[in-house]
Amino acid sequence: MLETLTISLDDVLLYGRHGVMTQEREVGNEFRVSVAVTMPAPAGCATDKLEGTLSYADIYDVVSEQFSRPSALIEHVAHRISRALFDRWPLIDRVVVKVTKVTPPIPGFAGSASVCLDVPRR
């Protein structure tokens with residue numbers, strides 16, 4: 001049986017300038033991002049050595065860098081994050097990215113809005 005490992009970052013609070021409306025791009029908004037990457041279990045599972053696995057801090061660096069680039073759609077942000085993770089680490093089999101706009105500009109709406117993109121390696 002092949003072991004797999006999923007490494008997740010959950011509800012990372014980030015500030016970004018994503019949205020269709022001009023004000024969203026100028027003023028920005030708070031977002032929460034969750035990312036899960038799945039891969040064959042790396043050596044670090046058995047060796048207890050950081051060099052034998054994928055660091056969640058490195059995953060965060062990729063997420064943060066991609067998030068800093070404004071997009072009209074949060075779907076596009078999720079897509080860019082997934083592509084960047086696959087490009088950097090070929091051992092990743094699947095990436096799931098959830099991007100939540102904490103306070104979307106919808107009159108009379110109380111809540112958040114999110115997209116979740118689930119991408120297997122092609």
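Predicted model: local features only at pLDDT ≥ 70, side-chain atom pairs only at ≥ 80, totals over all residues.
## Basis of the model

Local features need pLDDT of at least 70 and side-chain atom pairs count only at pLDDT 80 or more, whereas totals for chains, interfaces and linings use all residues. Residues are numbered from 1 along each chain as its sequence is written, and side-chain values use heavy atoms, with hydrogens and water left out.

## Salt bridges

A search of the whole structure finds two salt bridges, a salt bridge being a side-chain nitrogen of Lys or Arg within 4 Å of a carboxyl oxygen of Asp or Glu. One of them joins E24 and K101, whose closest N and O atoms are 2.4 Å apart. Because E24 lies in helix α1 and K101 in strand β3 (residues 94–101), this pair ties together parts that are 77 residues apart in sequence; helices (H or I, at least four residues) and strands (E, at least two) are DSSP runs, numbered from the N terminus. Both E24 and K101 are buried, where buried means under 20% relative accessible area, exposed over 50%, and partly exposed in between (1.4 Å probe, protein chains only).

D118 and R94 form a salt bridge as well, at 2.6 Å from N to O. D118 belongs to strand β4 (residues 113–120) and R94 to strand β3, so the bridge links parts 24 residues apart in sequence. D118 is partly exposed at 43% relative accessible area, and R94 is partly exposed at 34%.

## Helix packing

Helix α3 (residues 56–67) packs with helix α4 (residues 74–88) at an angle of about 140°, their axes being 9 Å apart; axes are lines fitted to C-alpha atoms, for helices over the stretch in contact, and angles run from 0 to 180 degrees between N-to-C directions. The two helices, α3 and α4, are therefore oblique to each other, given that angles under 35 degrees count as roughly parallel, over 145 as roughly antiparallel, 65 to 115 as roughly perpendicular and the rest as oblique.
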